[in-house]
Amino acid sequence: MTGRPVNYLYEPPPGTPWENCAYAARVMHIADARAIAARPSVDREGYELWEAPSALPDFHDHEAIRRDYYPEMAELACWVTGAREAFVFDHLVRRREAGRPPLGFGRMGDGSRPAAVSRVHNDYSEASGRARLDKVVTDAARRAGVERFAIINVWRSIAGPVMDTPLAVCDARSVLADDLVPAEIRYPDRVGEIYLLHHAARHRWAFYPEMDRHEALVFKQYDSRVNGVARFTPHAAFDLPAVPADAPLRQSIEVRCLVLFD
């Protein structure tokens with residue numbers, strides 16, 4: 001593309017394309033993360049899997065999610081990262097479309113029915129990651145005392161084992177700063193900034209086969225610490241080959257959580 005990548009997550013104005021950039025499909029090996037000898041770590045590879053069943057019986061009531069699920073995930077985020085405090089600030093329930101159409105950015109039409117996202121991306125950039133602290137910790141005095149913070153994503157299946165469209169994560173150690181491309185994501189009421197990714201053969205991808213409701217994939221989207229830890233973990237959904245026609249469609253929930261460290 002010329003200039004800055006722009007993607008609309010709702011129907012754009014007449015005459016405006018959904019996106020101003022092109023994507024190159026590349027064949028990449030995606031490893032079975034369950035078979036990795038050394039258990040991945042959120043601070044090393046940028047992700048790890050936890051046995052973390054939720055007491056929430058279903059995920060159809062968004063108020064119940066905020067009331068009951070958010071505290072569970074805040075506790076998990078602190079436990080996994082060693083943070084002293086956590087704030088869950090949003091969530092998204094995604095459902096694979098019937099017929100399994102080609103994957104894209106997961107929001108077509110009016111953007112009201114989020115689906116799986118196959119564009120390799122990271123939810124936050126350096127700029128939007130830093131800006132998120134101001135939006136979550138609104139007390140200036142309290143914010144001034146924060147030396148390090150991070151943004152964590154917790155991803156879970158909500159309808160049994162994922163059989164058709166799992167989530168792949170990229171080892172943060174295999175991603176260089178030059179691979180990351182700041183891009184605009186336009187919503188009806190705001191403009192966000194994420195990272196897209198330039199392809200590199202060195203990128204190391206993995207996924208956890210048949211993730212079930214009792215498991216949670218925790219991965220890092222931003223860390224204000226600039227050395228010694230994973231900072232960004234690109235990720236994307238992908239279709240498994242030879243999925244049976246009667247395989248259940250993937251349903252998942254993701255929450256984003258800001259954590260504060262001592």
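Predicted model: local features only at pLDDT ≥ 70, side-chain atom pairs only at ≥ 80, totals over all residues.

Ser-174 sits in the loop that links strand S7 (167-170) to strand S8 (180-186). Colour both strands, and the loop that holds Ser-174 will stand out between them.

Is Ser-174 buried or exposed? Its relative accessible area is 2%, and residues under 20% count as buried, so Ser-174 is buried.

Next, display the side chain of Ser-174 together with the backbone of Asp-171. A polar atom of that side chain lies 2.7 Å from the backbone oxygen of Asp-171.

Which residues beyond its neighbours within four places in sequence are in contact with Ser-174? Select Asp-179, Arg-202, His-203 and Arg-204 to see them.

Now zoom out to the protein chain. Shown as a cartoon, the chain has three helices and 13 strands. Its radius of gyration is 18 Å, close to the 18 Å given by the globule rule for 262 residues, so the chain is as compact as a globular protein of that length.

Consider the interior next. Of the 262 residues, 53% count as buried. Among contacts between residues at least 6 apart in sequence, 76% join residues at least 24 apart.

Finally, switch to a surface display. The protein chain exposes about 12800 Å², and carbon and sulfur atoms supply 53% of that area.

Definitions and conventions
Residues numbered from 1 in each chain as written. Heavy atoms only, no water. Helix = DSSP H or I, 4+ residues; strand = E, 2+ residues; numbered from the N terminus. Rg over C-alpha atoms; globule rule 2.2 N^0.38 Å. Buried < 20%, exposed > 50% of the residue type's maximum accessible area, 1.4 Å probe, protein only. Contact = heavy atoms within 4.5 Å. Areas by Shrake-Rupley, 256 points an atom, 1.4 Å probe, with all protein chains shown as cover. Polar contact = N/O pair within 3.5 Å; in protein donor to acceptor, adjacent residues only side chain to side chain.
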